[in-house]
Amino acid sequence: MAFEPSLPRGLAALRRADLVAAEGHITAALARQPGDPALLEAIGAVYAKTDRPGRAEAAFREVLSRRPDAPGSHLGLAAVLIETGRLEEAATQIEAVLRADPGNLPATLKMAFLEVRAGRAATAEAGARRVLAAQPGNAEAQYVLGLALQQRGENVPAETAFRAALAASPDHLGALSHLLMLAARAGQHAEASRLQADYHAALRRVRVEERVRGYRVAGIEAFNKGDYRAALEAFEAIAREDPRDPQVHLHIGSTYLALGDQTAARRALETSLELDPRGDRALAELGRLLALENRLEEAEAMLRRSIAVNPEVPEPHYYLAGVLMARGDGAGFRDEMALSEDLRRRSAGSALEIMPRTDEPP
Amino acid sequence: MSATIGFDRLLRLAGAIGVAGALLACGGNERPAGAPPGPSGGDGSGRTAGAEEAGWFEDATAAAGIHFRHVSGATGRKYMPETLGSGVCVFDADGDGLQDIYFVQSGRLPGFSADRPPESALYRNLGGGRFQDITASAGVGGPDRYAFGCTAGDVDGDGDRDLYVTAHGANVLYRNNGNGTFTDVTAAAGVGCPLWSASAGFADADGDGDLDLYVANYVDFDLADNLYCGENRPGWRTVCHPRNFDALPDTFYRNRGDGTFEDATSAAGMTESSGKGLGVVWGDVDGDGDEDLYVANDDTPNFLWRNRGDGTFEEIGMQAGVALSEDGVPQAGMGTDMADFDNDGKLDLFVTNLSEETNDLYRNLGDGQFAGQTYTSGLGAPSLLDLGFGTFFFDPDADGDLDVFVANGHIIDNIALYNDTITFEQPLKIYVNTGDGRFRTLPPADGGGPFAGRYVARGAVPFDADDDGDLDVLVTQNDRPAILLRNRGTGGRHWVGLTLDGAAPNRDAIGAVVTLESGGVRQMRVARTASSYLSQGERRISFGLGDRTVVDSLVVRWPGRRGFREEFSVPAIDRYLAVRQGEGRRDR
């Protein structure tokens, strides 16, 4: 898939969490302007968000070698260093930001967090209080303040800070866990038990996937048995709990397709793609839907989009083979079938079991 | 391309989820031939070719005559069990006073072929750091059992140690016949838990003198219903996160006194079943004279079962502050140990966790309360890239405080596709106690040749394999050879080792607490069975004395409901001494 070389487009994609597009635009731009600090900082941010801390670190360090005062790269590098366990080095990066900009609140909070990790409670407390003076509702600052106070044995004000964190962020697991420990230490066992129940409720809210797993199991089981109405019921229950899960909308789309309701299928698949514009499985299903509607040109385009995102999934190649055959492209049909069969052979299982597998082209 | 993975990605890419089973409950050498080489090629030992042998430890595996190699049965289908085994137990199997080694074998999974069924292995200690494979004659190979962990103890009070082996499938109890052979008595003993069991540990939980058994069960994974996880591309499939599966309830078996057991899980109040149990360790964390239990759970809050003293327990992990990370998140508890690392007379806890999580240290404050000391101790940040399994406190330099060993190795063999920094094979780590409540990471060069290597380590236990007084280390790997790290010595520091002889039926005095004072330093050790990950270390108790040559006092609190304290004199140091119940001065 070709991306326009453009930092603004890359940053826009980064903001909407479309990391593939962000990387595509920024990498293309870097090819034209290698060493550009703004592009390097942006690509560092993409790497940091895509489990590539090694490459992120290299990008941020390259920026800093060219522009030693770049606050974004200092903070980005600090985040990578924290993630990889080098807390003292991270503190050095944050100090560089604070030297240039003593009022930088995110840096102040990050430094307070590192201070409490190091057991330097007094400086952690001071940092947290500086942030709170400007942002009294900052849950993380309240939490860091609570940790610092607890570290100093000041359990009553620590409790106040944790409760403030919780007021600002009701599912704050850290604040809840420390509050319940403080209650237990104070011998307030009923309160500790109540907080423990609150903790488990919060954990359940935070771990949406765990909460809806039963529905997902039931839905897929029903789908595989051909009970599409029951499958739909289960998937829609997930969608109510977790409306921003692109996978469930994909599953709903597949189920409507199985039920023959192409309008509802299209709606669900488009929702899935709004949430994850590069959802290769949703693109493939939409391609299949278009093929079923005999809109072969559009179907082919959609399936090719799916393949461009992830060329190593057998199903879109399989569907595309069918479309090409219907369009009279025998050579294309054979090529796509060969690709599909090769991928199936090399794949130990498939994540697409929700899609019906047939031995005949669609 | 996107390398975004992390847990959520793995989970969301799970396209189909297996049928969730109902919650279950328990009632009632180069071995083997045909084992595949490790993925990285070479001999899979983790040893670095040409690495200079210097430093604290050296690889003594071959010299010791140990040739055990774990077989995972992996074929690329990424069955969850294939990445989690296995453990090792050190115990005197033949009654000759020397500590033998039992390596637990996993084995065949669907699609895997081997010339003959992989077997667990029992190695007899010949003395002088040499071992001999006696599996066949001992009858403990257990072929075609996909086993994970082990624990050993004298369950029938006949003076020898019996062996319990956990598995994905029915567990097995081998009764020691007293002549170096064993008999499978699982059915008669009633301990054949059919669930996927991980660690198990014996202890006298109800104070009646005999050894009861706790079995930590993991998740409801069915081989016939293998969920796909990971990116949908050839070569990118991974084992699944445990969050895709239901937790299995753990099982507590009460010994009837004759080596048979009853499932007393409910009667003992151990009914909290949300944990995905992997590691267990027994110990008296609140100092009230009975055995409490800590369970490291994967992705779910860890358990601390407080013994009420009447044979029943209450789960207090969250309120005690030992269930979660310092920031209140359930982590992927794997291995665990319990010891007094700061010499304050109270048992502290350590748990190993997944990469991108810290290992956790919980300092015992007394009264059943703990404080998280993970980061301030220096154990947190250095563990963020490691996936820790086997772990233990030990004093390999005999300086009188306890250091920490962690055996690391990732569970996802293709993790490099998903992360450019976390590796599948990982280094072994020693964290040296600096005496002020903090630890420093031992540089690999100081650790010796084996610490320059990378491993897929799982079980790990301390063990004086050559009886020279310093603690060696046994490590198992997943789908690779086990390794024995020989301690090159304590640098002239002194030590004393103790073998506790308790009263029948608990002759190994499991649960005894030993306090030694020398030069104003008071150290505490506990006689116990299982700890670490799927494993059990040797029963001898070891104290480092540093440059001190006199032991000022040695007090043993013997186990059991009528447990009492005795003081013993230590006539000599730098040797192992037998300490017999009833032969000391009764301490009031």
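The exercises below look at a helix pair and then a sheet, both taken from a predicted model.

**Exercise 1.** Work out how helix α4 and helix α5 of chain A are oriented to each other, and which residues make the contact.

*Solution.* 
- Step 1: find the helices. In chain A, α4 covers residues 53-66 and α5 covers residues 71-83.
- Step 2: get the geometry. Their axes come within 9 Å and cross at roughly 150°.
- Step 3: read the angle. Anything over 145 degrees counts as roughly antiparallel, so α4(A) and α5(A) are roughly antiparallel to each other.
- Step 4: The crossing of α4(A) past α5(A) is left-handed.
- Step 5: list who touches whom. From α4(A) come A:Pro53, A:Ala56, A:Glu57, A:Phe60, A:Arg61, A:Val63 and A:Leu64, and from α5(A) come A:Ser73, A:His74, A:Gly76, A:Leu77, A:Val80 and A:Glu83.
- Step 6: sort them. You end up with seven nonpolar, three polar and three charged residues in this contact.

**Exercise 2.** In chain B, take the open sheet of four strands and say which strands stand at the edges.

*Solution.* 
- Step 1: write down the strand order. For chain B that is β1-β30-β29-β28, with antiparallel pairing.
- Step 2: look at the ends. β1 (57-59) and β28 (457-463) of chain B each have a single partner strand, so each has one side without a neighbour in the sheet: these are the edges.
- Step 3: check the twist. From one strand to the next, it averages 25°.
- Step 4: zoom in on one pair. β1(B) runs antiparallel to β30 (residues 483-487) of chain B, and three bridges join them. Across this pairing, B:Asp59 sits opposite B:Leu485 of β30(B).

Definitions and conventions:
Residues are numbered from 1 along each chain as its sequence is written. Chains are lettered from A and ligands numbered from 1 in the order in which they are written. This is a predicted model: local features need pLDDT of at least 70, side-chain atom pairs count only at pLDDT 80 or more; totals for chains, interfaces and linings use all residues. Axes are lines fitted to C-alpha atoms, for helices over the stretch in contact, and angles run from 0 to 180 degrees between N-to-C directions. Helices (H or I, at least four residues) and strands (E, at least two) are DSSP runs, numbered from the N terminus. Angles under 35 degrees count as roughly parallel, over 145 as roughly antiparallel, 65 to 115 as roughly perpendicular and the rest as oblique. A crossing is left-handed if the near helix is turned anticlockwise from the far one by less than a right angle, and right-handed if clockwise. Two residues are in contact if their C-beta atoms, placed from the backbone, lie within 7 Å. Ala, Val, Leu, Ile, Met, Phe, Trp, Tyr, Cys and Pro count as nonpolar, Asp, Glu, Lys and Arg as charged, and the others, Gly among them, as polar. Two strands pair if DSSP finds at least two bridges between them.
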